[in-house]
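Dear colleague,

Here is the structure I promised to pass on. Please open it first; my notes follow below.

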Amino acid sequence: MLAQEDMHEKHIDYMKRVLVLGGAGFIGSHTCKALKQAGYLPVVLDNLVYGHIDAVKWGPFEKGDISNPVDLDRVIEKHRPELVMHFAAFGYVGESVQEPSKYYQNNICGSICLLDAMRRHGLDRIVFSSSCATYGEVSSLPITEACPQLPVNPYGFTKLVIERALADYGAAYGIRAVTFRYFNAAGADPDGELGERHDPETHAIPLAIRAALGRGVFKVFGADYPTPDGTAIRDFIHVSDLADAHVRALAYLIAGGTSIAVNLATGSGTSVKEMIGAVERALSRPVPAEYVSRRVGDPPVLFASPARAHELFGWKPRFKTIDEIVATAANWFERHE
Ligand SMILES: NC(=O)c1ccc[n+]([C@@H]2O[C@H](COP(=O)([O-])OP(=O)(O)OC[C@H]3O[C@@H](n4cnc5c(N)ncnc54)[C@H](O)[C@@H]3O)[C@@H](O)[C@H]2O)c1
């Protein structure tokens with residue numbers, strides 16, 4: 001009979017290993033939890049520039065950089081993953097305008113370095129984190145995957161370049177990719193094990209929660225938009241719903257699915273004022289807010305159709321209302337800040 005430890009090792013050996021680049025970050029860590037729950041072993045490679053080591057709880061951690069072929073070879077040879085998930089990138093739109101070089105280096109050169117490592121090691125399936133920022137200013141709503149992609153900032157452009165690279169690597173080298181274009185990722189693990197810890201934080205929900213908890217004043221950029229309450233409308237999608245879509249995408253690729261780009265969104269918009277209302281209800285405290293002028297390049301309304309994700313993967317967001325999404329984030333911040 002096998003000793004308990006040997007059985008554990010053997011079980012781990014049977015699990016499909018997924019190399020998760022950027023798995024110590026917000027969406028990556030939530031996805032690692034979902035992967036483990038679905039029977040995969042997530043192997044995280046992260047340079048911890050923005051990630052948190054204590055968010056890596058569901059599989060091995062390797063410190064390394066996607067731009068370093070030595071790091072990638074070492075980790076792939078050691079853990080022998082079968083599939084790849086690529087979250088590792090910089091994601092601050094404003095910074096990408098100020099310091100495009102940083103974004104071109106990390107998001108484009110780093111991703112190409114990763115794709116070449118995949119080729120070297122015969123890895124041919126990847127789930128890639130793209131963004132609604134690849135669409136730029138849209139002329140019709142809801143946004144579908146067929147809408148033109150005309151990014152208006154370097155960050156969005158770096159994501160679009162990798163979408164194109166994936167198409168080219170697919171045609172030439174047989175790499176198959178599910179590309180997810182996330183809308184506004186939000187919320188926190190409903191069990192309270194993980195949350196959003198960006199530093200600096202630029203996302204609206206954590207900032208509104210922090211303001212309600214006495215840390216600053218929440219800035220509302222624009223109250224004169226042509227929307228019912230004058231504030232901008234966005235499509236907030238719960239991070240655990242994103243994680244669930246990633247697990248489904250792996251099953252799709254394992255079953256032989258071809259490369260595809262897919263929006264991850266709820267299909268309906270929430271105004272900034274409505275979001276503030278949800279934060280106030282969740283915390284039973286007011287959100288101190290300051291109304292300032294619109295930011296350049298912020299469209300009035302953005303929301304997207306999740307129809308393709310539903311048709312392909314049977315995916316539907318579990319967290320449908322802004323109150324449900326905000327409640328999970330508020331729970332995290334109340335316990336951790
Ligand atoms: N959060 C959102 O609303 C949102 C929306 C659209 C797209 N995205 C994309 O989703 C992905 C994940 O976003 P997030 O919010 O979890 O970001 P995050 O910053 O929390 O996570 C990214 C992780 O990647 C790591 N990383 C960055 N560069 C690296 C490198 N060169 N080598 C190794 N590790 C590296 C960071 O340390 C961090 O842990 C990103 O690619 C982002 O562009 C996010």
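Start with the sheet. It is open, has 7 strands and pairs in parallel, in the order β3-β2-β1-β4-β5-β6-β11. Two strands pair if DSSP finds at least two bridges between them. Helices (H or I, at least four residues) and strands (E, at least two) are DSSP runs, numbered from the N terminus. The edges are β3 (61–63) and β11 (260–264); each has a single partner strand, so one side of each lacks a neighbour in the sheet. On average, neighbouring strands are turned by 20 degrees against each other, direction ignored.

Before the details, two notes on the source. This is a predicted model: local features need pLDDT of at least 70, side-chain atom pairs count only at pLDDT 80 or more, and totals for chains, interfaces and linings use all residues. Residues are numbered from 1 along each chain as its sequence is written.

Now the strand pairing and the helices. Strand β4 (residues 83–86) runs parallel to β5 and is joined to it by 3 bridges. Histidine 86 stands opposite phenylalanine 128 in β5. Helix α6 (residues 154–173) packs on the sheet and touches β5, β6 (176–182) and β11. Contact here means C-beta atoms, placed from the backbone, within 7 Å. The direction of α6 makes about 155 degrees with that of β5. Axes are lines fitted to C-alpha atoms, for helices over the stretch in contact, and angles run from 0 to 180 degrees between N-to-C directions. Helix α8 (residues 239–254) lies across β1 (16–21), β4, β5, β6 and β11. It runs at about 160 degrees to β6.

Next, the ligand. There are 27 residues around it, and Gly22, Gly25, Gly51, Ala89 and Ala185 come nearest. A residue is near a molecule or strand if its C-beta atom, placed from the backbone, lies within 6 Å of it. Elements giving two or more residues to this shell are α2 (26–37), α5 (100–120), β5 (125–131) and β7 (184–186). The most come from α2, with 3 residues. By class, the shell has 12 nonpolar, 13 polar and 2 charged residues. Ala, Val, Leu, Ile, Met, Phe, Trp, Tyr, Cys and Pro count as nonpolar, Asp, Glu, Lys and Arg as charged, and the others, Gly among them, as polar.

The loop between β2 (40–46) and β3 holds asparagine 47. Leucine 48 has its place in the loop between β2 and β3. Asparagine 47 is partly exposed, with 19 other C-beta atoms within 10 Å. The cut-offs: buried at 20 or more other C-beta atoms within 10 Å of a residue's own, exposed at 12 or fewer, partly exposed in between, with C-beta atoms placed from the backbone. Leaving aside neighbours within four places in sequence, asparagine 47 contacts Lys63, Gly64 and Asp65. Its C-alpha atom is 8.7 Å from that of alanine 24, 23 residues apart along the chain. Leucine 48 has a positive phi, near 60 degrees. It is partly exposed, with 14 other C-beta atoms within 10 Å.

Arginine 80 also has a positive phi, near 45 degrees. It sits in the loop between α3 (69–79) and β4.

Last, the cis peptide bonds. One joins leucine 141 and proline 142, with omega about -5 degrees. Proline 142 is in the loop between β5 and α6. Another joins aspartate 199 and proline 200, with omega about 5 degrees. Proline 200 lies in the loop between β7 and α7 (204–212).

Best wishes

How values were computed:
Contact = placed C-beta atoms within 7 Å.
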